[in-house]
Amino acid sequence: MKKENKETPSITKNFEPKDYNRNDEVSKGLATTHEQVSDYYMSGEVVPSEYESTIPRNAQKKSE
């Protein structure tokens, strides 16, 4: 039996301001989430995480 080589489809979609006016479910969800995050951030309730220093910011491996 031969294995099929299936490519994984790209499921990446980022928020775009046009999402506020689109009618598909993904765009509506992104627009809603963007609005919620924006409101939360502007309210001043966002504080740095205690894990902030452990979050990797560079995807490349550093060789030592």
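**A tour of the charged network and the aromatic pair**

Begin by selecting E16, which is partly exposed at a relative accessible area of 34% (buried means under 20% relative accessible area, exposed over 50%, and partly exposed in between, with a 1.4 Å probe and protein chains only). The model is predicted, so local features need pLDDT of at least 70 and side-chain atom pairs count only at pLDDT 80 or more, while totals for chains, interfaces and linings use all residues. Residues are numbered from 1 along each chain as its sequence is written, and side-chain values use heavy atoms, with hydrogens and water left out.

R22 counts as partly exposed because its relative accessibility is 29%.

Which residue forms a further salt bridge with R22? Select D19: its closest O atom and the N atom of R22 are 2.9 Å apart. Salt bridges that share partners join K13, E16, D19 and R22 into one network. D19 counts as buried, at 1% relative accessibility.

From D19, move to K13; their side chains meet in a salt bridge of 3.1 Å, N to O. K13 counts as partly exposed, with 32% relative accessibility. The count of salt bridges comes to three.

Finally, turn to the aromatic rings, where the structure holds one pair. Select F15 and Y20: the pair is edge-to-face, with 5.5 Å centre to centre and 80° between the planes (rings of Phe, Tyr and Trp, the last by its six-membered ring, pair if their centres lie within 6.5 Å; planes under 30 degrees apart count as stacked, over 60 as edge-to-face and the rest as tilted). F15 counts as partly exposed at 26% relative accessibility, and Y20 counts as partly exposed at 41%.

Notes: Salt bridge = Lys/Arg side-chain N within 4 Å of Asp/Glu carboxyl O.
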